Amino acid sequence: MSKREFDNAFPDYNGENLLGADSSINSEFAGKIRGHVSRMLDALENGLSKGVDWKNYSVYTGTTGVAYLYFHLYTVLDDCQEDRFLKKALSLLEPCLTHLGLRRVSFLQGDAGPLALATVVYHLLGRSTAKQDCLERLLEMKTIVYDDHCLPEELLNGRIGYLYALLFVNHHLGADTIDKLVVYRVYETVLKNGRQFAKEERSKFPLMYEWHDKKYLGAAHGLAGILYLLLQIREPVYQKYSHEWIEPSIEMLMTLRFPSGNYPSSIGSASGDKLVQWCHGAPGWVPTFCMAHKTYGEPKYLDEALKCGEVIWCRGLLRKGYGLCHGSAGNAYAFLSLFRATNDQKHLHRACQFAEWCFQYGSHGCRNPDRPLSLFEGLAGTIYFLTDLLKPMKSRFPAFEL
Ligand SMILES: [Zn+2]
C-alpha cells in the first residue's frame, strides 16, 4: 500500500527569528501569506458563486463553516474590510437560521454551530434582538443535552460539542453571557456519563466514552476532544473530579503511544500506527497534552505533546489533502499549539513550512475532498489556518481550541 503521506523534505529550524512586532509573524512571511490568502479567497468565492448546497449548513462541511472563516477574517485581518466579512458571514448563516430543528446539539455538525456563530456575528453588527433570539434558541437545546441518554459525548456530534458552543459564545461575548450553571451542568453530565460507562465496561480508564460502538481516542470522536474541553472548566469546586478522573485518564492514554510518537485511533484498534491527522492520531492530542501541562504543571504532559510534534513533522504532509480534519493544515495547528506552549520558534518554523506546502494547494496530486470548499475538508480550512499564522500566539484550531 502506498504511503499516506509525502516525505517531508522541508529543512528543520535553523534558529532564525520568525517574529516581527507584537509577536506577529515577520513582515516578509506575512506578505507571502496575505498574497496566497487573497488568491485562495478568490478561488473560494469563485467556487461559491457557482452554487452553494444550502441543505448542508454545518460548520464541518457546510455553509456555517464558510461563515466561520469570514468571521475569522474579520477578527484577524485589519484591512478595513471588517464589515464586508461580517456581512458575508451573515449571508451564509441567515438562510438556515429560520428552519433549524433544534435537535442536533453539537457545534460542528449540529444546530448549535449556526446559532452560536450567529449570536456573535449579530452582536458585532449591533443587532441585539436577532442576537438574543439566537442565544435563546441555542439554550433551548440544553434539555436534550441534559436528558437524552442516546446522545453521544464526542465533539463532532455529541454533548461536548454543545459545551464548545457555549464556551465559544462566552469567549467572544464575555464569560457571563451564558449562565455558568448551564455550562456546569453539561460538564457534569459528560463527566458522569464517562464515569458510568467506564465502570460498566470495567475499563482501567476512570473516564471512557464510545461512539458507534468504538472507544475512540482522537479529537473528533474520542477522548482527546472530550478531555480537552473538560479541562476548560477550572472552577475550584471541580478540582476533585479533575484530579481523580481527568488527569488519570490522560496518564492512562500516554501508555498507548506507539514508538513513533503517534496514537491509535481507538482502544483495541487493529489498524496500527497509520493515521497522523487531527481527527484520529497525534495531531488532535497535542492541544490536550498542552492543556494538561497548563492545568497540572507536570512537565511529562508537555514532553508528550512534543513527542507528538515529532511524528507530525515526519508524517504530517498528508495525501488526503490540505484540510483541517485530515489534512496538512489541520496537522500544522499542532505546531502552533506547541509554539504557544513553549515559545520555541522551532514549532512556529514547522507551521510555516506546512504553510509553504499549503501555498501550493492542489499541486501535489492529493485526493480531492468531497466538499472541496468546506472548512473542515477543503479550501476554507486552509485559508483559516494561513490567516491564523499571521498572529500565531492568538491562533486556535477552529471549533476545538479556546
Ligand atoms: Zn478527519
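**Entry 1: a lysine in a helix.** A reminder to myself first: this is a predicted model. I started with Lys 131, which I found in helix α5, residues 128-140. I asked what the nearest side chain of opposite charge to Lys 131 is. Glu 136 is the one, and it is 10 Å away. Lys 131 is buried yet has no salt bridge, because a salt bridge needs a side-chain nitrogen within 4 Å of a carboxyl oxygen. I then listed what Lys 131 touches, leaving out residues up to four places away in sequence: Thr 119, Tyr 122, His 123 and Leu 173.

Entry 2: Are the two partners buried or exposed? Asp 133 is partly exposed at 39% relative accessibility, whereas Arg 137 is buried, with a relative accessible area of 14%.

**Entry 3: salt bridges between parts of the chain.** I searched the whole structure and noted 19 salt bridges. One of them joins the side chains of Arg 127 and Glu 94, at 3.7 Å from N to O. Arg 127 sits in the loop between α4 and α5 and Glu 94 in helix α3, so this pair ties together parts that are 33 residues apart in sequence. Arg 127 is partly exposed, with a relative accessible area of 38%, and Glu 94 also counts as partly exposed, at 32%.

Next I looked at Arg 315 and Asp 273, whose side chains meet in a salt bridge at 3.1 Å, N to O. This pair links distant parts of the chain, with Arg 315 in helix α12 and Asp 273 in the loop between α10 and α11, 42 residues apart. Arg 315 counts as buried at 16% relative accessibility, because the cut-off for buried is under 20%. Asp 273, at 26%, counts as partly exposed. I also noted a network: Asp 12, Glu 310, Lys 346 and Arg 350 are joined by salt bridges that share partners.

**Entry 4: α12 against α13.** I wanted to know at what angle helix α12 (residues 299-315) and helix α13 (residues 328-342) cross. Their axes come within 10 Å and cross at roughly 145°, and the crossing is left-handed. From α12, the residues that meet α13 are Leu 302, Ala 305, Leu 306, Gly 309, Ile 312 and Trp 313. Their partners in α13 are Asn 331, Ala 334, Phe 335, Leu 338, Ala 341 and Thr 342. I sorted the residues of this contact into 9 nonpolar, 3 polar and no charged.

**Entry 5: α9 against α10.** For helix α9 (residues 223-230) and α10, I found axes that come within 11 Å and cross at roughly 145°. This crossing is left-handed too. Leu 223, Leu 227 and Leu 230 in α9 meet Ile 246, Ser 249, Ile 250 and Leu 253 in α10. The contact divides into 6 nonpolar residues, 1 polar and no charged.

**Entry 6: a methionine in α10.** I ended with Met 252, which is found in helix α10, residues 239-254. Met 252 counts as partly exposed at 22% relative accessibility. Setting aside its neighbours within four places in sequence, I saw Met 252 in contact with Lys 204, Phe 205 and Pro 206. From Met 252 to Ser 374, I noted 122 residues in sequence and 35 Å in space, C-alpha to C-alpha.

Conventions
Residues are numbered from 1 along each chain as its sequence is written. This is a predicted model: local features need pLDDT of at least 70, side-chain atom pairs count only at pLDDT 80 or more; totals for chains, interfaces and linings use all residues. Side-chain values use heavy atoms; hydrogens and water are left out. Helices (H or I, at least four residues) and strands (E, at least two) are DSSP runs, numbered from the N terminus. Buried means under 20% relative accessible area, exposed over 50%, partly exposed in between (1.4 Å probe, protein chains only). Lys and Arg count as positive and Asp and Glu as negative; His and the chain ends are not counted. Contact means heavy atoms within 4.5 Å. Axes are lines fitted to C-alpha atoms, for helices over the stretch in contact, and angles run from 0 to 180 degrees between N-to-C directions. A crossing is left-handed if the near helix is turned anticlockwise from the far one by less than a right angle, and right-handed if clockwise. Ala, Val, Leu, Ile, Met, Phe, Trp, Tyr, Cys and Pro count as nonpolar, Asp, Glu, Lys and Arg as charged, and the others, Gly among them, as polar.
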